[in-house]
Amino acid sequence: MIMDTTTSTTGNRVRRREDPPLLTGAAKYVADIDCPGALHAVFVRSDRAHGTITAVDVADAIASPGVLAVLTGKDLDLPPIPETPRPGHLSRPALARPCLAIDRVRYVGEPIALVVATTAAAARDGADQVVVEMDTLPAIIDLEAAGAPESQPIFPDFGSNVVLESHTGEYDDVLAGAEVVVRGRFVNQRVAAVPMEPGGILVIPEGDGYLDCFVSCQTPFVVRGGIARALNKPESRVRVRAPEVGGGFGAKGGVYPEHVVVAAAAARLGRPIRHVETRSENMVAMSHGRGQLQEVALGARRDGTLVGMEARTVTDVGGYLWRGALPWNRARLMVTGVYRIPRLSLHSLAVVTNTTPIGPYRGAGRPEAAAMIERAMDMLAQELGMDPAEIRRRNLLEPQDFPYTTASGASYDSGAYAAALEEALSLSGYEELRREQAARRAVGDVCQLGIGLSTFTEISGEGFEYGSVRVSDDGSVVVTTGASPHGQGHETAFSQLVGTMLSVPATIVRIVHSDTGAVPRGVGTFGSRSGQLAGSAIVEAGEEVLRQAREAAADLLEADPQDVVLVEGGWAVNGVPATRLSWEEIVASVPERQLSAESDFTQAEGTYPFGAHVAVVEVDTETGGVRLRRIIAVDDCGRVINPMIVEGQVHGGLAQGIGQALFEEVRYDDLGNPITANLADYGVPSAAELPSFELGETVTPSPRNPLGAKGVGESGAVGVTPAVQNAVIDALAPFGVRHIDMPLTAERVWRAIRSAGE
Ligand code: MCN
């Protein structure tokens with residue numbers, strides 16, 4: 001139940017109005033949209049990681065019962081899917097990603113043809129009849145091998161597998177003056193987004209070339225643009241709606257080849273077509289996340305003060321660059337974390353490999369950056385014999401340093417890092433934990449205690465988002481937003497903002513979103529942007545509505561606008577409650593019989609949420625088994641709209657971040673065959689693997705938007721992974737273990753103990 005006006009104000013814990021349909025099974029996903037007569041589509045995908053296509057024989061498939069069409073790349077002749085644009089960068093035709101592979105395949109799962117049939121089973125049977133003849137090429141799976149000069153280019157016309165490269169900081173000796181240098185080589189492994197609902201699209205042609213599309217996505221406007229461009233239509237002829245989306249986690253943020261192909265097929269056949277991925281299909285077709293090799297050296301004085309950092313990172317973008325530049329770029333930007341690092345020399349590369357393309361996944365580059373610096377900081381602490389908390393205290397940026405431009409060029413807005421660290425230490429009972437650890441070490445307990453810290457920042461927001469507010473003469477309040485929630489509780493949070501501003505119950509505020517036919521423009525939901533950008537757009541529009549209402553109320557009350565004040569549910573002359581007019585009365589007095597305003601709120605620079613996480617683990621030193629005992633997470637996302645939603649967002653991020661630390665890894669064999677393409681082989685944690693999270697907060701507003709808000713959707717996944725990794729390695733310090741790559745499975749931990757002993 002939603003709480004009443006008084007308690008639903010901004011800043012209060014209001015339960016999500018979105019939850020009842022989600023929890024009772026009433027919510028409608030793409031597969032549930034009622035569309036009589038819709039045809040079913042199944043993709044024929046490459047079963048080889050690398051090869052040249054010599055023939056695609058569709059004759060048997062077309063003859064298969066129920067099959068209406070089999071469409072190949074040559075049949076549809078679609079332009080390539082655009083790369084995600086980056087500042088100063090034009091996409092390079094030699095790296096183009098086709099919608100359907102025609103000459104060459106570059107990963108297992110790449111779409112080659114589409115089979116359309118009257119039922120899903122008939123489409124699948126038809127797809128089995130398509131014969132793709134191929135000359136297999138050697139697959140390049142390892143990212144180091146991909147980048148080697150002698151490596152065969154996966155895109156012969158491009159000539160190299162290195163598709164992105166940047167150098168930051170040129171120094172003769174970036175570590176000059178260091179009394180101690182630690183060096184690490186870390187693998188930030190590839191993971192899968194695993195949304196509850198795999199990808200899906202339903203396209204309904206409605207005559208005159210108009211396509212009505214229901215897409216499981218985070219960015220309806222981006223998908224509309226992609227489909228319209230590929231099909232050479234004006235955007236006005238394509239409507240994209242995101243119904244309920246069973247999670248996206250960044251991976252549903254772009255336009256996929258599958259979207260364009262299904263839309264093209266529906267347009268060609270003039271019949272509605274639906275495509276919904278199976279789980280195994282999703283595990284190869286939906287972009288993966290992370291996938292970075294990191295080599296880092298940190299130099300410091302003996303007192304722990306950092307003097308410089310040198311790093312080389314190689315990011316795997318998979319078979320196509322496509323959206324891979326986004327995490328690559330974020331990882332580059334955030335590389336120095338929360339510390340004062342005077343000198344940085346960073347060489348960051350991205351390479352293509354014969355694997356599923358990599359794209360943004362919860363954190364998108366910031367988890368990689370945080371993991372690298374947080375591991376290196378712990379190594380430094382170990383080297384100097386200093387407590388990990390103390391080495392952090394000595395190097396954290398301080399509140400008076402902000403705004404602060406890092407050596408990598410990030411412009412941090414605000415921060416109070418030490419306060420978050422001290423809060424996390426105090427909530428965890430850090431000293432007591434260290435005492436318990438010492439006691440266990442002293443007796444040589446088989447089960448050792450590990451305590452891991454992570455102090456981190458990340459980037460959120462940046463760019464533009466649309467919002468409007470309209471009050472009608474029946475008293476209804478309608479908000480439209482370009483944000484496209486898929487689990488973040490925007491309806492609840494935005495109705496709180498507007499209800500509070502207009503002094504009306506949040507329950508009457510209707511939020512319209514995720515529909516290009518109902519929202520004039522917008523961007524969508526990713527990069528933990530919506531609270532601050534869509535929220536600020538709505539606030540700006542709401543302020544303009546308040547201004548209009550004040551004028552209208554002053555006219556009606558024959559008062560000076562300065563003397564007219566907002567009271568619960570209406571307006572009155574200040575100090576004279578009896579003059580109160582309702583919103584309905586005021587709105588009815590203007591010729592349009594509605595008050596409305598819109599805003600394209602733009603934030604030129606991002607905001608930088610931060611926090612401190614503590615993980616406590618018990619490691620069985622005989623089996624390598626890790627038990628996660630406690631997670632303490634202190635997060636700061638500036639001013640909070642709804643603390644309950646914020647906590648939920650942190651919980652989700654923590655679960656996924658812990659998944660990367662302990663359980664998850666997408667793996668391929670040497671030929672490029674995926675060997676973790678289902679949920680038996682790919683280990684997503686369930687609630688049973690997770691402790692009850694202990695949360696804390698600090699509040700440091702951002703000066704970059706009127707709400708003072710920063711993002712929170714990803715922070716949990718940024719901060720917790722290195723805390724857990726550091727905790728496991730901390731437990732094994734007495735054995736001489738310096739580092740173990742993720743995921744920290746029992747086998748890896750056991751091997752690390754054994755090899756350290758040798
Ligand atoms: N919020 C708030 N106060 C703040 C900041 C945010 O109350 N200071 C609220 C916002 O109003 C919003 C929620 O917290 O309701 C998340 O806001 P924000 O951090 O702006 O993130 P977005 O809404 O832009 O959501 C994107 C973010 C990302 S990038 C990923 S990945 C992610 C995440 O959200 N994927 C999710 N959370 C997810 N949650 C679910 N259930 N499913 C996903 O796929």
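These are my notebook entries on a few places I looked up in this structure.

**Ground rules**

I am working with a predicted model, where local features need pLDDT of at least 70 and side-chain atom pairs count only at pLDDT 80 or more, while totals for chains, interfaces and linings use all residues. I number residues from 1 along each chain as its sequence is written, and side-chain values use heavy atoms, with hydrogens and water left out.

**Entry 1: the nonpolar cores**

I began with the largest nonpolar core, which has 70 residues. A nonpolar core here is a set of buried Ala, Val, Leu, Ile, Met, Phe, Trp, Tyr and Cys residues joined through side-chain atoms within 4.5 Å. Buried means under 20% relative accessible area, exposed means over 50%, and partly exposed is in between (1.4 Å probe, protein chains only).

Which members touch the most other members? I found Val 163, Val 203, Cys 213, Ile 227, Leu 231 and Ile 273. Helix H7 (residues 257–269) gives the most to this core, with seven residues. Helices (H or I, at least four residues) and strands (E, at least two) are DSSP runs, numbered from the N terminus. The core draws at least three residues from each of domain 2 (33–137 + 199–276) and domain 3 (288–460 + 606–757); these bounds come from an automatic or database domain assignment.

Then I zoomed in on Leu 231. Setting aside residues up to four places away in sequence, Leu 231 touches Leu 78, Leu 211, Val 260, Ala 263, Ala 264 and Ala 267. Contact means heavy atoms within 4.5 Å. I also noted a second, separate core of 54 residues, with Leu 333, Met 372, Leu 421 and Ile 459 among them.

**Entry 2: helix H6**

Is helix H6 mostly covered or uncovered? Helix H6 (residues 220–230) is mostly covered, with nine of its 11 residues buried. Phe 221, Arg 224 and Ile 227 are among the buried ones. Their cover includes strand S9 (200–205), strand S10 (211–215), strand S11 (238–241) and H7. Just after H6, I saw that Asn 232 takes a positive phi of about 55 degrees.

**Entry 3: around the ligand**

I counted 32 residues surrounding the ligand, and the closest are Gly 248, Gln 488, His 490, Gln 649 and Val 712. A residue is near a molecule if one of its heavy atoms lies within 4 Å of it.

A backbone N or O atom of Phe 249 sits 2.9 Å from an oxygen atom of the ligand. A polar backbone atom of Arg 639 is 2.8 Å from a ligand nitrogen atom, and a backbone N or O atom of Ile 641 is 3.1 Å from a nitrogen atom of the ligand. On its own the ligand has 840 Å² of accessible area, and the protein covers 96% of that (Shrake-Rupley method, 1.4 Å probe). H17 gives the largest share of the shell, three residues.

**Entry 4: two single residues**

Where is Val 699? I found Val 699 in the loop between strand S28 (694–697) and helix H18 (715–731). Val 699 counts as partly exposed because its relative accessibility is 45%. Its C-alpha atom is 6.7 Å from that of Cys 637, 62 residues apart along the chain. Leaving aside neighbours within four places in sequence, Val 699 is in contact with Asp 636, Gly 638 and Arg 639.

Ser 348 lies in strand S15 (residues 343–352). Why does Ser 348 count as buried? Ser 348 counts as buried because its relative accessibility is 1%. Beyond four places in sequence, Ser 348 touches residues including Leu 164, Thr 313 and Trp 328.

Technical notes:
Polar contact = N/O pair within 3.5 Å; in protein donor to acceptor, adjacent residues only side chain to side chain.
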